[in-house]
Amino acid sequence: MLSSAYAHELAQIKAKGLYRRRLIIDGAQGPSVRLKDKQVLNFCSNDYLGLAKDPRLIRTFKQAAERYGISSGSSPLVCGRSRALADLEAAVAAHTGRDKALVFSSGYLANLAIMNGLASDKQDLVLQDKLNHASIIDAAILSRARLRRYLHRDIDSLKRRLRLPARQRLVSTEGVFSMEGDIAPLPGVVAACREHGATLIVDDAHGLGVLGEGGGGSLEHFKLNQNDVPVLMATFGKALGGAGAFVAGSAELIDFLLQKARPLIYSTALAPALAASNRAALEIAANEPGRREKLFALIKRFKKGAHELALPLKDSATPIQPLMIGDAETAVRISDKLLEQGVLISAIRPPTVPVNSARLRITFSAGHTAAQVGRLLECLSLVLGKFGIERHAA
């Protein structure tokens with residue numbers, strides 16, 4: 001039984017409209033999902049390229065499971081590194097234009113591994129964008145380094161903090177910000193890091209597969225290479241429709257992390273069947289640019305309609321389109337009303353986003369249709385009108 005202190009805190013969470021609940025999706029992820037015996041439009045998944053239930057990936061997964069079984073059996077440093085995992089790491093390195101890669105079971109573990117390995121001294125300095133993902137922030141807090149945060153996408157703010165004394169400086173930013181949908185000004189960040197001798201780390205979880213002609217992500221978008229961004233992290237569980245994550249960089253970096261990264265050393269390796277399907281997804285993302293073309297056509301369609309309706313969108317050119325509400329409890333009530341209309345969009349609230357910036361995080365997939373986007377706009381206009389949400393176009 002919870003102590004009175006925990007029970008009191010839980011009651012406060014509920015009172016502030018911040019209580020978290022879990023949904024049960026009965027079936028595969030996709031542009032529509034089954035929820036409580038009802039099929040609803042899904043506009044809150046990170047399945048940007050519509051690959052989560054691609055039959056080719058399912059077939060590859062099944063074939064690999066037949067060959068390797070279900071579990072990898074152990075850490076990749078004991079006997080858990082299957083041939084499928086080794087092949088995936090080689091494919092990641094080739095896809096990202098880097099020497100080598102390490103695969104982890106999740107993006108959270110990958111970010112912990114980076115900071116755990118590279119920020120090993122209290123005289124080290126980690127500088128992070130103010131709106132970085134929680135896993136990146138937590139990783140720095142749990143490291144031995146000092147953490148300082150610079151204003152969101154503000155190169156001058158970053159430069160001021162780069163002047164702080166340190167044994168070594170690490171700068172960490174998302175490529176595409178998970179809750180904002182905007183893109184980091186990476187060329188400016190690269191120049192600032194080069195000027196001050198800092199090592200740049202980019203978490204491209206929401207950029208990989210989406211940006212760049214070949215789906216190489218925000219680095220390909222800006223034509224940046226391994227020398228510009230020494231440490232690249234991204235995940236398989238978003239645009240690529242799988243699970244797990246990787247860190248890619250120079251052979252020296254990967255060898256160093258292999259020796260030092262506790263989240264890798266002391267975790268069971270990614271399941272071989274997932275490794276095989278992740279590798280197949282990389283190939284699809286690179287070879288089917290039409291998926292990205294359709295995705296961005298849908299985004300354009302939505303933004304045009306949202307502008308006509310004067311919806312309070314943030315300025316984003318990616319599949320992540322935050323619709324700003326402000327009050328957390330109101331955001332939850334709007335989300336519930338949309339679900340009654342057959343549209344699933346989660347309310348994102350503090351501490352995931354700053355206080356008074358609760359939002360509906362609308363996301364798009366190449367699997368959506370123009371008609372589904374039209375239905376989304378109709379429902380948003382109807383429900384927001386009932387709540388009296390102030391209208392203003394981005």
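Predicted model: local features only at pLDDT ≥ 70, side-chain atom pairs only at ≥ 80, totals over all residues.
**Entry 1: strands β2 and β11**

I looked up strand β2 (residues 38–42) and found it joined to β11 by two bridges, the two strands running parallel. In this entry a strand is a DSSP run of E with at least two residues, a helix is a run of H or I with at least four, and both are numbered from the N terminus. Two strands are said to pair if DSSP finds at least two bridges between them. Leu-41 has Val-343 of β11 as its bridge partner.

Residues are numbered from 1 along each chain as its sequence is written, and side-chain values use heavy atoms, with hydrogens and water left out.

**Entry 2: strand β6**

I checked how covered strand β6 (residues 169–174) is, and six of its six residues are buried (buried means under 20% relative accessible area, with a 1.4 Å probe and protein chains only). Arg-169, Val-171 and Thr-173 point one way, whereas Leu-170, Ser-172 and Glu-174 point the other way. In general, side chains of a regular strand alternate between the two faces of the sheet.

I next looked up the partners of β6. Strand β4 (residues 125–129) runs parallel to β6 and is joined to it by four bridges; Gln-128 is partnered with Ser-172. Five bridges join β6 to strand β7 (residues 199–203), again in parallel, and there Thr-173 stands opposite Val-202.

**Entry 3: helices α6 and α7**

I looked up helix α6 (residues 155–162) and helix α7 (residues 186–196), whose axes come within 10 Å and cross at roughly 15°. Axes are lines fitted to C-alpha atoms over the stretch in contact, and angles run from 0 to 180 degrees between N-to-C directions. The two helices are therefore roughly parallel to each other (angles under 35 degrees count as such). The contact (heavy atoms within 4.5 Å) includes Ile-155, Leu-158, Lys-159 and Leu-162 of α6, and among its α7 residues are Val-189, Ala-192 and Glu-195.

Definitions and conventions: Parallel < 35°, antiparallel > 145°, perpendicular 65-115°, else oblique. Buried < 20%, exposed > 50% of the residue type's maximum accessible area, 1.4 Å probe, protein only.
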